[in-house]
8 protein chains.
Amino acid sequence: MSVAIVMGSASDASIMDDAVQTLRSFGVPVEVRVLSAHRTPDDTLAFARGALDAGIKVIIAAAGGSAHLAGVLAAATPLPVVGVPIALADLGGLDSLLSMAQMPKGVPVATVGVNGSRNAALLAIRIMALSDPRLAADLVRFTQELAEQVRDQDAEIVARYKQG
Amino acid sequence: MSVAIVMGSASDASIMDDAVQTLRSFGVPVEVRVLSAHRTPDDTLAFARGALDAGIKVIIAAAGGSAHLAGVLAAATPLPVVGVPIALADLGGLDSLLSMAQMPKGVPVATVGVNGSRNAALLAIRIMALSDPRLAADLVRFTQELAEQVRDQDAEIVARYKQG
Amino acid sequence: MSVAIVMGSASDASIMDDAVQTLRSFGVPVEVRVLSAHRTPDDTLAFARGALDAGIKVIIAAAGGSAHLAGVLAAATPLPVVGVPIALADLGGLDSLLSMAQMPKGVPVATVGVNGSRNAALLAIRIMALSDPRLAADLVRFTQELAEQVRDQDAEIVARYKQG
Amino acid sequence: MSVAIVMGSASDASIMDDAVQTLRSFGVPVEVRVLSAHRTPDDTLAFARGALDAGIKVIIAAAGGSAHLAGVLAAATPLPVVGVPIALADLGGLDSLLSMAQMPKGVPVATVGVNGSRNAALLAIRIMALSDPRLAADLVRFTQELAEQVRDQDAEIVARYKQG
Amino acid sequence: MSVAIVMGSASDASIMDDAVQTLRSFGVPVEVRVLSAHRTPDDTLAFARGALDAGIKVIIAAAGGSAHLAGVLAAATPLPVVGVPIALADLGGLDSLLSMAQMPKGVPVATVGVNGSRNAALLAIRIMALSDPRLAADLVRFTQELAEQVRDQDAEIVARYKQG
Amino acid sequence: MSVAIVMGSASDASIMDDAVQTLRSFGVPVEVRVLSAHRTPDDTLAFARGALDAGIKVIIAAAGGSAHLAGVLAAATPLPVVGVPIALADLGGLDSLLSMAQMPKGVPVATVGVNGSRNAALLAIRIMALSDPRLAADLVRFTQELAEQVRDQDAEIVARYKQG
Amino acid sequence: MSVAIVMGSASDASIMDDAVQTLRSFGVPVEVRVLSAHRTPDDTLAFARGALDAGIKVIIAAAGGSAHLAGVLAAATPLPVVGVPIALADLGGLDSLLSMAQMPKGVPVATVGVNGSRNAALLAIRIMALSDPRLAADLVRFTQELAEQVRDQDAEIVARYKQG
Amino acid sequence: MSVAIVMGSASDASIMDDAVQTLRSFGVPVEVRVLSAHRTPDDTLAFARGALDAGIKVIIAAAGGSAHLAGVLAAATPLPVVGVPIALADLGGLDSLLSMAQMPKGVPVATVGVNGSRNAALLAIRIMALSDPRLAADLVRFTQELAEQVRDQDAEIVARYKQG
């Protein structure tokens, strides 16, 4: 029972490392791959077709520009596929976001925000938590920790701007 | 074990009916609600907080413009939340898509395409199929039927344009 | 009688400090908070619901990306809420601007420009000046000072480019 | 004590009528004008400069394209100015929204969404309610009615989709 | 020696018929197919891999939204692939255009304008004319006819607006 | 002494007729042509090169999509060239506006708004009025008439919304 | 007989200096001013109304964001007004471009590209050359020099890439 | 038998050098030129008209902003023209992409992605490979090498993230 993180190029690893660390911090096994919809299409299809039997539960796919990777994977597996649009140097990731989100009827991709690596991991965890009570409990804790972090920031800012 | 479809306004029902019918065609129980992040925030929060215990597995949220509904729900439940950006009369849904997809770190929304009602349903089914072998088998059949439909279109178009 | 400045993350403080200083320069008491629509939704709602009784007159809310904070606050208070769209690294703030401005009928947000921290403060002051003659007089002086600054710039530029 | 609704062209009246009716439903006196920043600049300035003394509390300004009207008014009055970007046939109102929202430091415009006539009125009412307890009470009632309308829609949709 | 026109859905035929007729008017054999990158990925790959041996010289691929078809074909054939971004109901084809044009290094797609069916055909003809003197001569004639049509329009407009 | 209105296609005449009528209402002789930067490049260049000697003072060029016409004309004449971006069915004229406005250093095009036919004519008249006192006087009258039209609209709207 | 360059803020001078130098290199007297549509509206109107009698032939106006300056000037003078949209830190100048170009019928602004300072100057020179044979001759020379510069670049590049 | 790379300015060479090196690595003779649609229109036309007879098979044209170069060349030659939109400092290349892709019916440009220099070269090679068996074989090898590079990246990433 693991999550696969697939990126279109090794250069996406600087963004996707956050997803790896997030999943590991939840104790979720992660498999990380570089597979290109356009440069290794056969490897990509073979991976997608074998993913279910390999015990993968969710595939996270990251790509930029004509970001076809998530859609190509989603077409070849019944598993849920989460797409992370990577921003290239130009156009601010709008190309990647539209290429991932605007999928035709029949083949969904669960798109998160531009460079939204951590949220992709958390979405995968939410999905896996449906059948894993430990993960569900950890998610509740995580949400509480998030709130605590914001409350700490709040206390720090309130103090900084206290009129005196 | 059901899917909840939540829309920000009853006027979204013309788009979201496709999601209801898709889920029902897979035998998935559906609960449909109108809840507004801005006009009934308490009802919305109460719904989100009770969703897990009510046996809901996935929440599909549809909204247009400043489309906060999906994010507000995702903040109040550990369940996976799928967002459907609804196109308003102006701006072609770009506002709705960005409002849904660009969530801050910690609270993911699984965004599908503009007016992507059917794909939201299919994403929910993919998620539920992880622990439901019948759904998994139905998804495989569905994918085969999709392929058959395209092949029928292909045959029709090949015939139409056959040079003779 | 004060203005509350609420930001979704402490990292917005570098932008919002300008609003704090502007309000203080007009002698308006300021309360600065970090509250997240998605990470501390209960704190956010509690704050919004208590704001009127706490003597707050205007709430300024700053957030980036799926910038729901201003809308969530506006849904829970009858006070005027001013929204400051914060530009993230990608997309130039277009996502933040659309997420704030395109609110559904019934719940308005007074949106200013991207990173428009100072103008948010000045809008709050205009609102409070309606019932505060000293503020109204200070606004007139401020507008005159603005004009003087431009006239100084004009004199400097006219001199710089004087043909001779 | 009234609100002025200023539009750049009589053709904007079909959009702005909603603001007029909303304000009147709250018992707020409304003055409606056609004033053009570009075609009657003197009338526009004279109106803005006399607005405070005429007992106007908030100015709502509607314009499309290079939507300068709100900014020009805001430059000539210390009153809060609410801007309504009107969508022209092309570009979906993006031009109007950016022209209104992206004001320079010093002169704020409270921008609402594209064609957001009703929300402009409600923002004006929120502002006026700060010093008018009856309006404040009416706003609370209005918010409750909004919620009731959504709950009625919810009941209708729940019934429509009840599985039986 | 033929051109293949591949569309992602039979609904694209109303746009792509212009390409078929244009190619036939130049005497170029056309094969028209419906193949979906997402719904019949195997058929699509098989087609692309066999295209060269089937005597196809250029592949024209039309798709809308997450328009991956052209890129998927280009990844599986060394033939030149021309992409036609089809405009969906929303977003004016910007999603389709960016999905097609922004291909990663190594796999080019020759993208024409939104719904640019005829120009895709003419681009294919230019490519084939490199090794077909008859086509090259026909292209010169076509260009002259285009010029004549514009000159006829010019004469008609000059006459219509002749001041008298 | 005349103005030339050049359009890339006779289909632009429905938009450009407004420019013709506006110029004629000012007594300015108009020459209307259909010349295509891409389909009749030689005619276009010949026209541009002869324009000065033909007594033309200003060239107005209208085109849509890759709207090169104005730039191509400006490159071949020292006359001022006014560009009118024509909106095609998709993309709302954004393509046309950017194609016209973003000219490289050295070759300016005076771009007006999308479909801004009348303003192109008025810009040409402003330019010609620099050396034609009658036109200058007519422009002043025109501006006064514009103001009168707005004042008539104002009176009509004030009456319509007079509370009674 | 001069050209006025008006900027909304002294910070625009780094962009507009190119326009000043270009005009001076053609021997055209330049007057440079800082005038703000929003901060010194009276000075701006007074300037615009006196421009014709002051012997100004063309006004170049530069502003960013809600770039109203050019439109406000054009409303108050019959002179041709050239607008230079200045790019702010966010949104790449799209806001400035749309605010300048999309003027209502009746009041044209001759918009050049984002930060297009030099082209604004050259457009002014083209306009003034209509009644100034020396400028007309200088423009021809300038165009020839432009061509020579490109030809020098061409020679340099041809040499650099000469295969040998 | 060669490919011509034409750029609108020598400053584009930093982007286009990749195309030169790619073509040379395939043994394709390259001619590199600087020709400006706006500054040396005659040279540009002369080049385009002589290209076929000079043995050029494909023209690659790179330009930014109002990127007319590719279209102007395509209008004057029956050869296939590949357009490379160059991103300027502002607007992320959206202006260049739309200026190149949205060509009118009759004159196609094969547009690749923003700054897509290498893909332009590869598209030219695909076109030339139609009649050059050695190039066709080299393309197959190149595609295999691309796949190998991705597989090397995959191995490196798999190793880096191997859990142990």
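Let's start where two chains touch: 26 residues of chain E are in contact with 26 residues of chain A. Keep in mind that this is a predicted model. Between them, chain E and chain A bury about 2100 Å², and 59% of that is on carbon and sulfur atoms. On the chain E side, His38(E), His68(E) and Gln102(E) lose the most area to chain A, together making up 26% of what that side buries.

What holds polar atoms together here? There are 15 residue pairs in polar contact between chain E and chain A, counting residues at pLDDT 80 or more. The elements of chain E that give two or more residues to the side touching chain A are α2 (41-51), α3 (69-75) and α4 (94-101). Of that side, α4(E) supplies the largest share, with six residues. Sorted by class, the side of chain E that touches chain A has 14 nonpolar, seven polar and five charged residues.

Now for the charges. Side chains of opposite charge can pair when their charged atoms come close. Two salt bridges are found across the interface of chain E and chain A. A salt bridge also links the side chains of Arg49(E) and Asp42(A), at 2.9 Å from N to O.

Over all chains, the structure holds 80 salt bridges. Here are a few to look up in the view:

| Salt bridge | N to O distance |
|---|---|
| Asp154(C) and Arg33(G) | 2.8 Å |
| Arg151(F) and Asp43(D) | 2.6 Å |
| Glu31(E) and Arg33(E) | 3.9 Å |

Take the pair of Asp154(C) and Arg33(G) in the table. This pair crosses between chains, running from helix α6 (residues 133-160) of chain C, where Asp154(C) sits, to strand β2 (residues 30-34) of chain G, which holds Arg33(G). Asp154(C) has a relative accessible area of 10%, so it counts as buried.

The pair of Arg151(F) and Asp43(D) crosses between chains as well, from helix α6 (residues 133-160) of chain F to helix α2 (residues 41-51) of chain D. Arg151(F) is partly exposed, at a relative accessible area of 33%, and Asp43(D) is partly exposed too, at 23%.

Elsewhere, salt bridges that share partners join Asp18(A), Arg118(A) and Lys105(B) into one network.

Terms used. Residues are numbered from 1 along each chain as its sequence is written. Chains are lettered from A and ligands numbered from 1 in the order in which they are written. This is a predicted model: local features need pLDDT of at least 70, side-chain atom pairs count only at pLDDT 80 or more; totals for chains, interfaces and linings use all residues. Side-chain values use heavy atoms; hydrogens and water are left out. A salt bridge is a side-chain nitrogen of Lys or Arg within 4 Å of a carboxyl oxygen of Asp or Glu. Helices (H or I, at least four residues) and strands (E, at least two) are DSSP runs, numbered from the N terminus. Buried means under 20% relative accessible area, exposed over 50%, partly exposed in between (1.4 Å probe, protein chains only). Contact means heavy atoms within 4.5 Å. Buried area is the accessible area (1.4 Å probe) that two parts lose on being put together, summed over both. A polar contact is a pair of N or O atoms within 3.5 Å; within protein, one must be able to donate a hydrogen and the other to accept it, and residues adjacent in sequence count only if both atoms are side-chain atoms. Ala, Val, Leu, Ile, Met, Phe, Trp, Tyr, Cys and Pro count as nonpolar, Asp, Glu, Lys and Arg as charged, and the others, Gly among them, as polar.
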